[in-house]
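This report describes a protein structure for a reader who is new to the subject. Please keep the sequence and the model in view while reading.

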Amino acid sequence: MKPVAIFRHAASEGPGYFATYLDRRSLPWRVVKVDERETVPGDPRDFSGLVFMGGPMSVNDRLPWIASALGLIRSAVDAGVPVLGHCLGGQLIAKALGGAVTRNPVKEIGWGQVDVVESGTAAQWFGHGVRSFISFHWHSETFSIPPGAIRILSSTHCANQAFALGPHLAMQCHVEMTPELIRAWCREWEKEVEALARRVRSVQTPGEMTASVEERTRTLNAVAERVYDQWVNGLA
């Protein structure tokens with residue numbers, strides 16, 4: 001089986017629980033370190049699937065790798081190679097497929113409920129009877145739903161939390177989190193988050209984000225398992 005390509009856009013935003021999931025199923029993968037100027041591959045058919053992680057940049061920034069990533073996503077969709085996006089990764093997929101990425105009404109940082117938009121497509125990804133779950137968030141921008149795609153998640157602070165298009169899934173929320181990742185992000189952004197949390201209801205403090213973090217991430221990992229199970233079903 002060809003490896004799954006995981007695109008890392010920042011050293012602190014690696015594959016997290018997704019790597020654990022792949023290892024447990026003996027599925028091969030490799031990280032494309034965009035943050036270390038590794039070249040974006042040209043042919044998606046060299047991989048069984050493409051996964052794009054988060055990052056602090058905007059897909060609207062004039063960075064040298066963004067056009068290549070957008071082109072690769074479009075080629076993958078055309079070739080039937082499954083694509084999966086987390087936060088920035090979801091925004092890349094949206095823009096590549098004709099959606100727009102714009103500023104969200106508020107920054108959304110911390111734990112928060114996301115609601116499953118009832119449909120057969122949503123049930124395929126999250127299971128029948130699942131109406132909502134608590135996910136982790138860290139973003140200031142959001143995507144529109146590209147032509148032909150179906151919105152499957154929403155939240156109070158961000159209307160478009162996820163969409164699906166056949167075997168392809170783009171998420172604004174972070175289902176890949178581990179306790180280690182959350183603690184690292186909180187340390188990195190502590191001053192900004194503390195300041196924002198005093199005046200923005202959609203932002204939590206580092207203390208709030210790390211409270212009961214082991215239990216919370218275990219629950220979130222169970223949701224991620226269901227999502228990843230559906231995604232890997234489409235791998236070549």
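Strands β7 (residues 150–154) and β8 (residues 162–165) run antiparallel and are joined by three bridges. Within this pairing, R151 stands opposite F163 in β8. Helices (H or I, at least four residues) and strands (E, at least two) are DSSP runs, numbered from the N terminus, and two strands pair if DSSP finds at least two bridges between them.

The model is predicted: local features need pLDDT of at least 70, side-chain atom pairs count only at pLDDT 80 or more, and totals for chains, interfaces and linings use all residues. Residues are numbered from 1 along each chain as its sequence is written, and side-chain values use heavy atoms, with hydrogens and water left out.

**The sheet**

β7 and β8 belong to an open sheet of nine strands with mixed pairing, in the order β2-β1-β3-β4-β9-β8-β7-β5-β6. Because β2 (29–33) and β6 (132–143) stand at the edges with a single partner strand each, one side of each has no neighbour in the sheet.

**Aromatic pairs**

The structure holds 10 aromatic pairs. Rings of Phe, Tyr and Trp (its six-membered ring) pair if their centres lie within 6.5 Å; planes under 30 degrees apart count as stacked, over 60 as edge-to-face and the rest as tilted. Two of the pairs are set out below.

| Pair | Centre to centre | Angle of planes | Kind |
|---|---|---|---|
| F7 and F52 | 4.4 Å | 5° | stacked |
| F18 and Y228 | 4.7 Å | 70° | edge-to-face |

F7 lies in strand β1 and F52 in strand β3, so their pair ties together parts 45 residues apart in sequence. F7 has 1% relative accessibility and therefore counts as buried (under 20% relative accessible area; exposed is over 50%, partly exposed in between; 1.4 Å probe, protein chains only). F52 is buried as well, at 0%.

The other pair links F18 in helix α1 with Y228 in helix α8, 210 residues apart. Both F18 and Y228 are buried. Ring pairs also link F18, Y21, Y228 and W231 into a cluster.

**Residue K107**

K107 is found in strand β5 (residues 101–116). Is K107 buried or partly exposed? With a relative accessible area of 29%, K107 is partly exposed. Beyond its neighbours within four places in sequence, K107 is in contact (heavy atoms within 4.5 Å) with several residues, including H139, S140 and L196. Its side chain makes a polar contact with the side chain of E192 at 2.6 Å. A polar contact is a pair of N or O atoms within 3.5 Å; within protein, one must be able to donate a hydrogen and the other to accept it, and residues adjacent in sequence count only if both atoms are side-chain atoms.
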